[in-house]
Amino acid sequence: MEYTILILLLPFLSFILTGLLGTRLKPVAAGTFGTAVTGIVALLSYWTAFSYFGAGRNAEGIYPTMIPWNAEWLPFGGSLHIDLGILLDPISVMMLVVISTVSFMVHIYSFGYMKGERGFQRYYSFLSLFTMSMLGLVVATNIFQMYIFWELVGVSSYLLIGFYYTRKEAVAASKKAFIVTRFADLGFLVGILIYGFYTGSFSFTPDSAVIGTAKVFLPLALGLMFIGGAGKSAMFPLHIWLPDAMEGPTPVSALIHAATMVVAGVYLVARMFPLFIGYAPEVLHITAYVGAFTALYAAVVACVQSDIKRVLAFSTISQIGFMIVSLGVCTSSDPHAGGLGYMASMFHLFTHAMFKALLFLGAGCIIHAVHSNEMSAMGGLRKYMPVTHITFLTACLAIAGIWPFSGFFSKDEILAACFAFSPVMGWVMTFIAGLTAFYMFRLYYNIFWGRENRELHAEHTPHEAPLTMTIPLVFLAAVTLAAGWIPFGNFVSSDGQAYRIHIDWSVAAVSLCVAAVGIALATWMYLREDRKVADSLAVRFSGLHKAAYHRFYIDEIYQFVTHKIIFACISTPIAWFDRHVVDGFMNLLAYVTQKFSWVIRGMQSGYVQRYGIWFLGGALGLAIVLLLV
Amino acid sequence: MDYSAIFSYMYTEIALAGVIVAVLLYDLIAGERGRRYFQTFVCLLMLFFVAGTVYPYHGGTADVFGGMYQYTPVAGIVKSILAIGTLIVFLQSDAWLSREDTRFKRGEFYVLTLSTLLGMDFMVSAGHFMMFFIGMELASVPMACLVAFDKYKGNSAEAGAKFILSALFASGLMLYGISFFYGTAGTLYFEDMAAKIDGSPLQILSLVFFFTGLGFKLSLVPFHLWTADTYQGAPTSVTSYLSVVSKAAAAFILTVIFVKVFPSVSDYWQLMLYIVIVLSITVANVFAIRQKNLKRFMAFSSISQAGYIMLGVICGTPYGMTSLIFYLLVYMAANLAAFGVISTVEQHSGGKTGIEDYNGLYRTNPKLAVIMTLALFSLAGIPPFAGFFSKFFIFAAAFEQGFHVLVFIALINTVISLYYYLLIVKAMFITPNENPVPAFRSDRGTRLSLLLCLAGIIALGIVSSVFDGIGLYSFGM
C-alpha cells in the first residue's frame, strides 16, 4: 500500500503550488486545484480504508498494524532515531477517512463562502497545508513524527485563525491560540523527551523489558503528553483559545476547530492507550476527571452565549470532554470488561466530526445570510433557508442524542462506559448530555424560530446559500443519519478484536428521557416569540447568568495571572537580565572584537614579503609550541 | 603489471583527462559560431562526467601503481562534490567570459580550471607523499594562471603574483618538511610511514612544515594573508572556485593523511589544529567586520569557515569525516550561491563589488537579494537551512571527542559571524540607496546555478539521507 504516501504528498504539493503561485493564479483555479487534490486524497483514503479492512484480520483476530512506508530521518546514538513514515491501523485509517471527508466538504463549501474574498488563493493554500499536517499527524509512526506534524497543525491553525489579518480581533485570537497551545506543547515535548530517554525509542510500542526500568517516569511522561493533548483539545483550563479562534473564517472553524485538529488530543490519548492502560491507569483516570469537568463547564457556558459560533465552540469543548472521559474511564483493554470506552470515544469522535462540521457549516450559511454572528440578528430563518434549517435540525438531534441519529449511538456507548466505571460519573455525564440537548435547541429555536429581527431582515432579506454550500450540508446530514448504523466496534476496539455494539437499553432510555426533557425545556422557553420564561429566569438568576455569560471569568483570571503575576514578577526581572547581562555579554564581545581588529589590522599590510614573514613566523611559532608542550 | 586495475579504479581521473582533451580539441576546431556554445558544451560534458562518476563503483579500497594511488569510495564522493562545484562555477562564469576582453580565451579558462580539478583528484587519492605533492602542484600552477586571468587589469595581475609567490613559499616549506620525513622514516608511502612516526622533534618540525602547505591552501591563520588580496583581485568566478573546490580537496586529504600517517602523534597535530582553529575563526571574524568590499568580505568569511571545517579534521574519527564532507557540501552550496550573486551583480553593474553598492538591492533585484540572504543565513548556520545542520554535526563530532572549550569558542564566533553576515542582509533590505544596482535579468547559466545552490541550501539539511549516505562510505575510510 505504498500509494498511501500520496495522501500526504498531494496536499503538500497543492500547498506549495498555490502558495508559491499566489495571486498569479486565478482564484477559481486555485480553489479548483485545491479541491480536486483534496477530492483525490479523500478517494485514496476511502480506498485505503476499504483495502485495509477488506484485507481481513490476522490469526490473532485483529487488524494488523501496517507500515507501508518508513524512512529513518534523524538517527541519534544507540537505538534512538526519528522516523518519518506511514502507519496504518484501525484508528489511523478511521481518522484518514474523517479528515479527508470533512476537508473535502470544507473545500467545496469555501467556494461559496469565501467567494470574492481577498486572499482566496492564500486561503486554499493554507487549507492544503492544514490537511497535509493533520493527515501526517494521524499516520505518524512514532511520537516524534506526531509532534512535528502536531506543530505544523498548530501553525496552520494560527495562519487560518488570523486569516483576516487586518482585523484586530482576528490577530489577537490567532496569537492567543498559538501561545496557549504552544505553552501546552511544551509539556508534550518534555513528555516526549522523558519518554525517549527512558524507553530508548520514540516508538508507540517500546520494548516491554525497557519499560520496566522506566516505571516511575512513564506515567510522568504520559501525563505531560496529555497536557499537550489538553491544549490542542481545549480541555479546562487550557480551553480559552478555542472560543476566540472563531474569529477565523467559518469553514475553517468547521474543519479545524470542530472536526479534526481539536480532537488531536483525544487521538493522542487513544494512540498511547496501551501504555496508559498498562503502566499509568491513574493518569488515565485523571484525564477522565479533567474531561468531565470540562464537559460540564463548557455545557453551562454554552447555555447563555449569544454568538452562535461561540455556542458551537463551547459545545465542541464539551463534546471533546465526552471523548476524553470515555477514554479515561477505561480500566482494561478488554472491551467486555472495562475497555468499552476506547471504542465509544473513537466512535463519538467519528460521529461528532460529521455532525459538528455540519453545524458549523450550517452556521456559516446563516452568517452568510444575515451578516452577523449574534442571535439577535436572527430568528424565524426557517422560512428563508429551508435546506440549512433541515440539515441543522438533523445535526441538533444528533448531538442531543436522539434515536436514530448517529450521536445517539456513540453517546450511548460513552454513557454505558461511564456507568461501568462509577455510577456518579455516569449520572454526571447523563446530566451533561441533557444540558447539551437544552443548549443546542436553545440555539436552534433562536435561529430558526422565535423572535425575528424584522427590521434587519426587511433591510436585507436572508436567502438560502448557493449550491456549493448546501451540497456539503446535505452530504454531511446524510452521513449523520447513517453513521450510527455503522458496526463501528467491528473496526475499532480497545483490544483489536471484533466487538459487537449492543445498545444498553436501560442507559439509552435514561439518556433519551434526559435529552427529551432538555429539548422540551428549550422548546418551552424559546419556541415562542415573547420568551417570557427565559427572560425572567435570566433576571432571577442574574448572578449566575452573568458569570456564565462571561465564561466564569476564566479569561480575566488568565489576564490577571499573566499580567499581574507573570509579567510583573517574573518577566520583568528576566527581561532585565536579558537586556543587561545577556546582551551585555554580546556587546562586550562586539566591543572586544572591534578593539582587537584595530590592533591587528597591520597584519594585512598588502606587502607579500611581510606575508611571508608571518607565514614563516607562524610555522616556527607552531613548531615551538608543539615541541615545548 | 596489470593495467586493467588502472582503468577500473582511476576512472575519475581518466574520464576527466578525456574531458580536458575534448575541451582542448573543441577550442581548436570550433569556429567563431561554435565558441558561442562553449559553455553549453563544457557544461554538458561535465554533466556527463559527474553523472558517470558520482556513484562509487567499488565498495572497498584498492591500491594502484603499487600504492602511489589509492582508491577509496569516500574519496570518490569528495571528487564528485568537487566536480559538481566546478560545474556550478562554469554555469556562473559565462557572463564574464563573454566579455570583449576575455571572449577569445574562454577555452583557456575551462582547460585551466579542469587541470586544477585533475590535480586535486590526484591529490585526494594519493597514497604517497610524492603523488600528493605532484597533485597539489598540478592544481596550484594553473590556479595562479586563473587568478591572473584578467592580466591586463592591475589587481588581477597583483593577485596572481601574490598567489604564486605565497604558493611557492608554502610548497617549498612543505617539501622541506616532506624531505625530513623521508630522512627519518625512509619511505613516503602513507601506509608504511605510520609505523615509523615516533614523534621525534625533527618529525614534529616536519609535521608543522608539511601542514603549512595545506594550511596555505585552506587559508588558515597565520597562512592566510594572501587570501584577501587574491580573492579581491581575481575574477569572481575564479574566486568562488578557489574558495570552495580548492579548500574542499585540501581539507579532505589533510584528514586522510593525519589519520593514516600520523595517528601516533595525534596529540601534536590536534594541539596544532586547536591553535589554528581558534586563530582562524577569531582573526577572520575580526577582519570580516571591517570589510567594505564584498569579495574581500567573503575571503575572511571563507577563512573562518575553514576554521569550522578543521573541527571535522581535528576529530580524526569516521563521524568527524562524515560531518566534514557534509560541511563541505553545504558550504559549497551556500558559498557558490553567494559568489554567483556577486558575480552576476558585478557583470551587470559595471564591476560593483562594494558592500555599499548592495544597499537597496532588494528593491531592484528581489530574487537575487533573497538568494543572497539565504546563502548568508546558511553560512551563518541559522536553522532550518542546511548550514545549521552542517554546523550542528561538525560541532557534535568535535564535542564527542572532548573538545568542549574549542566548541564553545567556535559557538561564540558563530554569534559574531551572524553579526557580519546580517550586515550584508541589512544593506540589501533596509539601508536606503539613491541609485541602487538597476534591475536586470541574469543569464540562463547563472540562474540555473543559483537554483541548484538554493535547492542545496534548503534541501541538504532536511534530506537526512545525504548525511547518512556519506556516513556509510566514511566508515570504510
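## A crossing of two helices in chain B

A crossing is called left-handed if the near helix is turned anticlockwise from the far one by less than a right angle, and right-handed if clockwise. In this predicted model, helix α16(B) passes α21(B) in a left-handed crossing. Helix α16, residues 318-348 of chain B, and helix α21, residues 444-462 of chain B, pack with their axes 9 Å apart and at an angle of about 145°.

On the side of α16(B), the contact is made by Leu329(B), Val330(B), Ala333(B), Ala334(B), Leu336(B), Ala337(B), Gly340(B) and Thr344(B). From α21(B) come Thr446(B), Ser449(B), Leu450(B), Cys453(B), Leu454(B), Gly456(B), Ile457(B) and Leu460(B). Sorted by class, this contact of α16(B) with α21(B) has 11 nonpolar and five polar residues, while charged residues are absent from it.

## Where chain B touches chain A

The contact between the chains takes 25 residues from chain A and 32 residues from chain B. On the side of chain B that touches chain A, at least two residues each are supplied by α9 (154-185), α11 (201-218), α12 (225-233), α14 (266-289) and α20 (404-429) of chain B. Of the elements on this side, α14(B) gives the most, with nine residues. By class, the side of chain B that touches chain A holds 25 nonpolar residues, together with four polar and three charged ones.

## Chain A as a whole

Chain A contains 25 helices and two strands, and its C-alpha atoms fill a box of roughly 100 × 65 × 50 Å when taken along the principal axes. A compact globule of 629 residues would have a radius of gyration near 25 Å, and the 28 Å of chain A agrees with this.

Of the 629 residues of chain A, 52% count as buried. Among the contacts in chain A with a separation of 6 or more, 79% are accounted for by residues 24 or more positions apart.

## One residue of chain A, Ile227(A)

Ile227(A) lies in helix α8 of chain A, which covers residues 217-232. Because Ile227(A) has 19 C-beta neighbours inside 10 Å, it counts as partly exposed; a residue is buried if 20 or more other C-beta atoms lie within 10 Å of its own.

When the neighbours within four places in sequence are left aside, Ile227(A) is in contact with Ala184(A), Gly187(A) and Phe188(A). Leu238(A) stands 11 residues from Ile227(A) along the chain, and the C-alpha atoms of these two residues are separated by 8.9 Å.

Technical notes
Residues numbered from 1 in each chain as written. Chains lettered and ligands numbered in written order. Predicted model: local features only at pLDDT ≥ 70, side-chain atom pairs only at ≥ 80, totals over all residues. Contact = placed C-beta atoms within 7 Å. Helix = DSSP H or I, 4+ residues; strand = E, 2+ residues; numbered from the N terminus. Nonpolar A, V, L, I, M, F, W, Y, C, P; charged D, E, K, R; others polar. Rg over C-alpha atoms; globule rule 2.2 N^0.38 Å. Buried ≥ 20, exposed ≤ 12 C-beta atoms within 10 Å, placed from the backbone. Axes fitted to C-alpha atoms, helices over the stretch in contact; angles between N-to-C directions.
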